[in-house]
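User: I would like to learn how to read strand pairing and sheet order. Could you take me through it step by step?

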Amino acid sequence: MCGIAGETVVKGSRALEAPDLFGMIDVIAHRGPDSAGYWQSDNGQTVLMHARTPRVDPHGGSQPMCNETGAIWVTFNGEIYDHRERLEQLRAGGHQLRGRCDTEVIPHLFEDHGPQCFEMLRGDFAFALYDNRERALDLVRDRFGSKPLFYAETADSLVFGSEAKSLFCHPGLDAHIDRNFVLQLLLGVTMPEDSMFEGVRQVRPGHYVKISDKGISEHPY
């Protein structure tokens, strides 16, 4: 189990101050107490963070992680079941790989196939992937929703995290119980994208949420 969190600006051109966001990953450090890392885009408008519990390639799997060109960055929670075979295929296809971590499969597959690669992944996972070429962020969740991924909008950005409490460490968000959700919960009719907090949603299983200059959109894969 690992923890992921971050923010991307969706309105205007505000540059993020990465240290101001570290509380978002610190509060879920129990998910990955062995190490922590962050990456900020060169335009200063996107920050990815990660708290790690290494299971595969302890020394070569630090995150956030990128492809060989630095164009694609990912912060990942979960496991890719067939990563060994995928890594061999990527090497055979000419990709330069750092090690044997399952996370490394993702940015290289995305480099080759774009969002279509999400359907190729076999595992349980939740991750955020940033494409420097398109200035776009994808939030992706596995088919069964076994790994959590929450997100919410602030006045000018979108924040995400493995746990809802991570989002409330952002200065632009406050926690308020969604009374409608509580009622739906009592009636047994909650939807997979709902959460118990106002304004906080979950990425639906088998879907990805794209955030770009075109807005915020949700897609099945």
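**Reading the strands**

Analyst: In β11, Val-209 is the bridge partner of Leu-139, and four bridges join strand β7 (residues 136-141) to β11 in an antiparallel arrangement. This is a predicted model, in which local features need pLDDT of at least 70, side-chain atom pairs count only at pLDDT 80 or more, and totals for chains, interfaces and linings use all residues. Residues are numbered from 1 along each chain as its sequence is written, while side-chain values use heavy atoms, with hydrogens and water left out.

User: What makes two strands a pair?

Analyst: Two strands pair if DSSP finds at least two bridges between them, strands being DSSP runs of E with at least two residues and helices runs of H or I with at least four, numbered from the N terminus. Here β11 also pairs with strand β12 (residues 215-220), antiparallel and over six bridges, with Lys-210 opposite Ser-217; β11 and β12 form a hairpin with two residues between them.

User: Is strand β11 mostly covered or mostly open?

Analyst: Strand β11 (residues 207-212) is mostly covered, since five of its six residues are buried, where buried means under 20% relative accessible area with a 1.4 Å probe, protein chains only.

User: What is the strand order of the open sheet of six strands?

Analyst: The order is β2-β3-β1-β9-β8-β10, with antiparallel pairing, and the edge strands, each pairing on one side only, are β2 (35-40) and β10 (200-202). Six bridges join β2 to the antiparallel strand β3 (residues 46-52), and Ser-35 stands opposite Arg-52 in β3.

Conventions: Buried < 20%, exposed > 50% of the residue type's maximum accessible area, 1.4 Å probe, protein only.
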